[in-house]
Amino acid sequence: MERFPGKVAAAVFAAAGMPCVGKHMGVTTEEFMRRTSSEGLMDCKMLPINNNHGAGVAMIMGPNFLARKNYQQSSPEDLALAKMLVRPGNLFMEDPVMKDASLLTDTNYGSVKKVYVVAKADGSSTEEMQRWMVLLSPGTEAEEIAGADHAIMSSRPRELCDALVKIADSLNTC
């Protein structure tokens, strides 16, 4: 969106970290980690990694965390699939690019319409945390999906589809 804002009609963030202009990309991850106690991460594991940007930390989500925080409203089949697909996820906390507060500009990234889909039953990222990200980006619209866990596409697929159609319809000016 920063490089080609004219090619993006709207950016939709569904229970996801949403970066904002004027702050570095990792600010949402840092805030999530600040708000989450080690007990809140349950059986997740932190794994030291090395890549071409240097040392870092990846997180491996544990089966209990997935069941109680991310997929608690989803079907048992979706939870089972998620458990089979777990891979270490880089948190990018020490990545120099992610620390650059000037990376996203108001002229480009800031000019793209943004909509945040709040998952009201997300056990990993609270509604308060999701709304905090919306407040960081003035002009961002919010859609709510009641009963949606972190995996909105599996816990409330029809409601997510309805929200996406509503967003798309709001872009049609013809």
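Start by selecting Ala148, which is buried, with a relative accessible area of 0% (buried means under 20% relative accessible area, with a 1.4 Å probe and protein chains only). You are looking at a predicted model, in which local features need pLDDT of at least 70, side-chain atom pairs count only at pLDDT 80 or more, and totals for chains, interfaces and linings use all residues. Residues are numbered from 1 along each chain as its sequence is written, and side-chain values use heavy atoms, with hydrogens and water left out.

Ala148 sits in the loop that runs between strand 6 (141–145) and helix 5; helices (H or I, at least four residues) and strands (E, at least two) are DSSP runs, numbered from the N terminus. Now show what touches Ala148: beyond its neighbours within four places in sequence, it is in contact with Ala119, Lys120, Ala121, Asp122, Ser155 and Arg156 (contact means heavy atoms within 4.5 Å).

**The cores**

Next, select Ala11, Phe13, Met18, Leu104, Tyr109, Val112, Tyr116, Val118, Met133 and Val134, the ten residues of the largest nonpolar core. Such a core is a set of buried Ala, Val, Leu, Ile, Met, Phe, Trp, Tyr and Cys residues joined through side-chain atoms within 4.5 Å. Colour strand 1 (11–14), strand 5 (114–119) and helix 4 (127–136), the elements that each give two or more residues to this core. Apart from this core lies another, of eight residues, including Ala148, Ile152, Leu160 and Ala163.

Which residues of helix 1 are buried? Select Val27, Thr28, Glu31 and Phe32. They cover an arc of only 135° around the axis, which puts them on the same side of helix 1; the arc is that of the directions from the helix axis to the C-beta atoms. These buried residues pack against helix 4.

Move on to helix 2, where Phe65, Leu66 and Asn70 are buried. Seen down the axis, the buried residues of helix 2 fall within an arc of 100°, so they line one face of the helix. Their packing partner is helix 3.

**The pocket and the cavity**

Now display the largest pocket, with a volume of about 950 Å³. On a 1 Å grid over the protein atoms alone, a pocket is an open set of points with protein on both sides within 12 Å along at least five of seven lines, a cavity is a set where a 1.4 Å probe fits but cannot get out, and lining residues have an atom within 4 Å of a point. Of the 38 residues that line the largest pocket, select Ala15, Met59, Met61, Asn70 and His150, the closest to its centre. Helix 1 gives the most to this lining, with four residues.

For the last stop, find the largest cavity, with a volume of about 60 Å³; a volume is the space filled by probe spheres set on the grid points, which are joined across faces, edges and corners. Select its lining: Asn51, His53, Gly54, Ala55, Gly56, Val57, Asn90, Phe92, Met93, Glu94 and Asp95. Strand 3 (residues 54–60) gives the most here, with four residues.

Note on methods: Buried < 20%, exposed > 50% of the residue type's maximum accessible area, 1.4 Å probe, protein only.
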